[in-house]
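Please walk through this model strand by strand. Keep the sequence and the 3D view side by side.

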Amino acid sequence: MEDRKVLSARARFTHFIRTRTTNIVRSTSVVICAALLLGARGWDHRTWPEIDRRGLADFAFAVVSTGWYHSCGVTTAGTAYCWGNNGAGQLGDGTLTTRTSPVAVVGGLNFAAVSAGDSHTCGVTANGAAYCWGSNTVGQLGDGTTTASTSPVAVLGELSFATVGVGSQHSCGVTTDGAAYCWGSNATGELGDGTLTTRTSPVAVLGGLSFATVSAGWFHTCGVTIEAAAYCWGFNGSGQGGDGSMIFTRTSPVAVAGGLDFAAVSAGAYHSCGVTTAGVAYCWGDNFYGRLGDGTTTDRRSPVAVLGELNFATVIAGYEHSCGVTTDGAAHCWGWNGLGGLGDGTTTDRLSPVAVLGGLNFTAVSLGLYHTCAVTPHRAAYCWGYNNNGQLGDGTTENRVMPVLVVP
């Protein structure tokens, strides 16, 4: 079997096609160092929220986003930071230097959110302008070129974006008036414009739908309309489109089966997940390692409920695992856990949700290739899982099986 730890997206895509046609500070520096060391060892952080407020004011994260081997976040002051692999300039610090702790994205832009993908990152500023940086082999930066950039470049079109989302080699966003646009690779229809043509600047998603959010996965995209209806488009070889069909590729939005009212959906690699307006989590698509959370490893072409009777606020689909945050702030994960991405202190795969250790409450969670990051209500960022390029942001390259604090 091919090594799943190093399998590239395109290589896995080819493999799939061929085989399946599947982180208190007190007053002294001694205490600071001791606290960070304990955190790096997976210490029970239940006493850390007060520390979060006192010691990390300059790194108070509003949101975090995980890519394949890098992570990014935006502070409450609007500064974007990234850490981890920087081979294509995806950290946006003007270099190609890999970082094991956060570095500021250059350009002095005031960001509202960022989204990290394979080897590129995009963000939307407080005034609605979209910027991207990193790899640009197929136009995923949206600046009209295929030239990579180690610093933010403006997405063309003079569109005012409310959100942006980044996938493997494509990007999408929703404008303030609810229109969805995508750009970059379109090999499997993931741009939703009715074609398979790569685009180096934004093109409108067909269908005249008014979206609240969109999520860009590896080779497919999903979104939720303002009427709470879920749609997906792009690659559907594992059923990640959720429409119940065996149709391999969708070049425009198709409704997710089941008639459920969704608050949000998340497009992963070969599966998708969503949370309904009632707080129930559903997943669909490839179920290898149990990433759908229904207690089985059976693929599903339409939504199936995640086990556990948990009331979720958000659910995110990653590569081979999924995670969610309940309405009371507890994080749960399920699926593949070979590198600790579930955060339960083990490397045991789980077919249904298990609690992330550490006693922390979270407001949001984001999943990378084999790692996970989340933000506490006190705006501290924590990550866990695979750390080969420093994507956990704790200053090391050691894997972690439970949350560690992201440190400057």
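Predicted model: local features only at pLDDT ≥ 70, side-chain atom pairs only at ≥ 80, totals over all residues.

Residues are numbered from 1 along each chain as its sequence is written, and side-chain values use heavy atoms, with hydrogens and water left out.

Start with the whole protein. It has three helices and 28 strands. Helices (H or I, at least four residues) and strands (E, at least two) are DSSP runs, numbered from the N terminus. Of the 408 residues, 58% are buried. Buried means under 20% relative accessible area, exposed over 50%, and partly exposed in between, with a 1.4 Å probe and protein chains only. The accessible surface comes to about 14400 Å², and 53% of that belongs to carbon and sulfur atoms. These areas come from the Shrake-Rupley method with a 1.4 Å probe; for residues, only the protein chains shown count as cover.

Now turn to the strands. Strands of a sheet pair through backbone hydrogen bonds, either parallel or antiparallel. Here, two strands pair if DSSP finds at least two bridges between them.

Begin at β13 (211-216). Five bridges join β13 to β14, and the two run antiparallel. T213 has V224 in β14 as its bridge partner. Three residues separate β13 and β14, which form a hairpin. Strand β14 holds T221. T221 counts as buried because its relative accessibility is 0%. In sequence, T221 lies 51 residues from H170; in space, their C-alpha atoms are 9.3 Å apart.

Continue along the chain. Strand β14 (residues 220-225) is joined to β15 by five bridges, again antiparallel. H220 pairs with G234 in β15. β14 and β15 also form a hairpin, with four residues between them. A228 sits in that turn and has a positive phi of about 75°.

How many residues of strand β15 are buried? Six of the six residues in β15 (residues 230-235) are buried, so this strand is largely enclosed by the rest of the structure. On to the next partner: β15 and strand β16 (residues 249-255) pair in the antiparallel sense over four bridges. C232 stands opposite V254 in β16.

Next comes an open sheet of four strands, β17-β18-β19-β20, with antiparallel pairing. β17 (262-267) and β20 (300-305) stand at the edges with a single partner strand each, so one side of each has no neighbour in the sheet. Neighbouring strands of this sheet are turned by 20° against each other on average, direction ignored. Such angles run from 0 to 180 degrees between N-to-C directions, and the axes are lines fitted to C-alpha atoms, for helices over the stretch in contact. Five bridges join β17 to strand β18 (residues 271-276). V265 stands opposite G274 in β18.

Another open sheet has four strands in the order β21-β22-β23-β24, with antiparallel pairing. Its edges are β21 (312-317) and β24 (350-355); each has a single partner strand, so one side of each is left without a neighbour in the sheet. The twist averages 15° from one strand to the next. Strand β23 (residues 331-335) is joined to β24 by three bridges. H332 has A355 in β24 as its bridge partner.

On a 1 Å grid over the protein atoms alone, a cavity is a set of points where a 1.4 Å probe fits but cannot get out; a pocket is an open set with protein on both sides within 12 Å along at least five of seven lines; lining residues have an atom within 4 Å of a point. Grid points are joined across faces, edges and corners, and a volume is the space filled by probe spheres set on the points.

The largest pocket holds about 1000 Å³. It is lined by 44 residues, of which S65, S115, S215, I316 and S366 lie nearest its centre. Strands that each supply at least two lining residues include β1 (61-66), β5 (111-116), β9 (161-166), β17 and β21. The lining has 25 nonpolar, 18 polar and one charged residues. Ala, Val, Leu, Ile, Met, Phe, Trp, Tyr, Cys and Pro count as nonpolar, Asp, Glu, Lys and Arg as charged, and the others, Gly among them, as polar.

The largest cavity holds about 30 Å³. Its lining includes H321, W336, N337 and Y370. That lining divides into four nonpolar, four polar and no charged residues.
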